[in-house]
Amino acid sequence: MSCCTFNPILSTMDQTRCGRVIGSMSSLSIGSRHARCGSFWPLTVSGCDISTIAMHPRSALGSPTPSAASRLSDSSRSDGSRQFTRNGSVSEFEIERPLKMNTSSPKRPGVRRRQSEYGAESALRASVSRLLTAKARPFTVTGHIPMDPASLVLFFRSKSGITHSLDFPINIDYDTPPALEVLLAACKPHPTPGFDVYPDRETLFYPANLPLTATLEIANHPILDAVRNALFPALPMGHYLTALRDKLEVMVTGARMAPQPRTLRNDGRVATICVTLPVHHRGGNMIVRDAEGTEEKFFGGGGKPSEVHWTAFLGECEYEVETIQQGCRMSFTYAVHLKTYGAAVDPLITPSEYFLDLLSPVLSLSRGRKVAFYLTQDYGVNPSEGLAESLVPHLKGSDSLLYHALKVYKLAPELHWAAGGYVWPIDRTVECGNDVLDSPTSLSSMGFPSVFGSPARSAKSIRGPMSYYGGPEEDDVEIMKIEAHNLRMRVEESGAIPLSEAEIFILSDWVPGPLAKERVYFVSNGELEKLIVNVLLVIYVP
């Protein structure tokens, strides 16, 4: 970049030093052009009324911004022998030529670097994508049971009817307990899918017709909670997991378990838990594959005496065990089933006879009518996003008790949203919509000013500021009527009907108690407000 710095007033000698000799002053009009940088030299000639012209680069010529030289006072311009002193404010006089874009060799390393960065970024994105895919839908979970393996005892009965006990931990490289030999003799070969014969070192399992029990009960440990949190995080309320012991699998040195597909486990399970007992062995890693072929390998600790490992996987997966290189591998498998309870299915609770006796006369006096009770518990749901009937599995407290009692009388209770004397059909959500500015019933069209952001508006959503057509009280009453009418129109447009038209008779106490209150947000007159919605338990008594 070539750059020259000039003073507004230059002598002939100074100009000669810059590589340009100024000729006769009569041949110049207002300045001369520099030979190297192409800039104009402003000249001040005594006796002539010639304005000083600021120096600009070529791209800045014609700019309407005046330069510092044009703002010099008359005294500074008249003193031709006095040289202008530079300071920080005249940096705009530096003339720079823009660098030409050079696409030669200096740019090539940058291109190569960008390509390298692009490749690294693509690899990073691919890795993140695989990570998030695995995170979004895990199909396995593993851990260990915090217990002392020495407290684990296995009781079983052999074919001869004799009961044996097997203590843990076990290391058959040093000593083989006699009970283990009896157990191996009572086991049967594990079926290998796709083959009609068994290998020389087949996988064994303890027969289901022989009694078998152990001091290890996974119900006493939070294994099912861990399985639910990891594999079934979206399990709704009212659903729970149960574990049923499936079989005891035994594998000795040289044995290998072939892939076990889901078709061999047609018992309705949603997951399988495999607990590896503390028996020392090498090898025998478990491989689990999901329905898409993605596999994970679990080493299981090798039967360390101080650890009891477990692995759980979804019911749609298949698993296999690699060859046992040394020792013996013993494991319990459990079938995990999904159960439900609550109002929608067979409940776990039963109302007392006393409560049923209190309900009986109410139903007898309501024959041939459609009656309703208000629910009293809050459920923290948005009535605009779901149906009231979706609360059935989540009923709690007194609401669940009443619902179950009505089911005992073989009635069909229904849940409906209700607000302001209106009730929504069972298949409709609460939709209040938003204000329409050109609505004939809006406040602006009725002559009232907008209340959006008005400091005069109180905390109550039905209050408004004063207008020019009456007193404050009259305006408040009128605004309340308009807003109530607008809200009523919205409610009716969403499908709600008055309780009188629905022929629903509300059953309540002399002094109404607390009610379930859910909230729906809507915009009214430019402000966000909430509509309080209740839940009705409606039944028809034949």
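Two strands count as paired if DSSP finds at least two bridges between them. The model shown in these views is predicted.

**View 1. An open sheet of seven strands.** The strand order is β3-β15-β11-β18-β9-β7-β6, and the pairing is antiparallel. β3 (140–144) and β6 (188–189) are the edge strands, since each pairs on one side only.

**View 2. Pairing of β11 with β18.** β11 covers residues 271–276 and β18 covers residues 329–340. Six bridges join the two strands in the antiparallel sense. T276 stands opposite S331 of β18.

**View 3. The buried residues of helix α5.** Helix α5 spans residues 223–231, and its buried residues are I223, L224, V227 and L231. They cover an arc of only 95° around the axis, so they lie on the same side of α5. The buried residues of α5 pack against β3, β9 (239–251), β11, β15 (309–314) and β18.

**View 4. Aromatic pairs.** The whole structure holds three such pairs. One of them joins F313 and Y319 in a tilted arrangement, 5.3 Å centre to centre with 45° between the planes. F313 has 1% relative accessibility, and Y319 has 5%. Buried means under 20%, so F313 counts as buried, and so does Y319. F332 and Y334 also form a tilted pair, with 6.2 Å centre to centre and 50° between the planes. F332 is buried at 1% relative accessible area. Y334 is buried at 4% relative accessibility.

**View 5. R369 over the face of F505.** R369 lies 4.3 Å from the ring centre of F505.

Definitions and conventions: Residues are numbered from 1 along each chain as its sequence is written. This is a predicted model: local features need pLDDT of at least 70, side-chain atom pairs count only at pLDDT 80 or more; totals for chains, interfaces and linings use all residues. Side-chain values use heavy atoms; hydrogens and water are left out. Helices (H or I, at least four residues) and strands (E, at least two) are DSSP runs, numbered from the N terminus. Buried means under 20% relative accessible area, exposed over 50%, partly exposed in between (1.4 Å probe, protein chains only). The arc is that of the directions from the helix axis to the C-beta atoms. Contact means heavy atoms within 4.5 Å. Rings of Phe, Tyr and Trp (its six-membered ring) pair if their centres lie within 6.5 Å; planes under 30 degrees apart count as stacked, over 60 as edge-to-face and the rest as tilted. A charge sits over a ring if NZ of Lys or CZ of Arg is within 6 Å of the ring centre and within 35 degrees of the ring normal.
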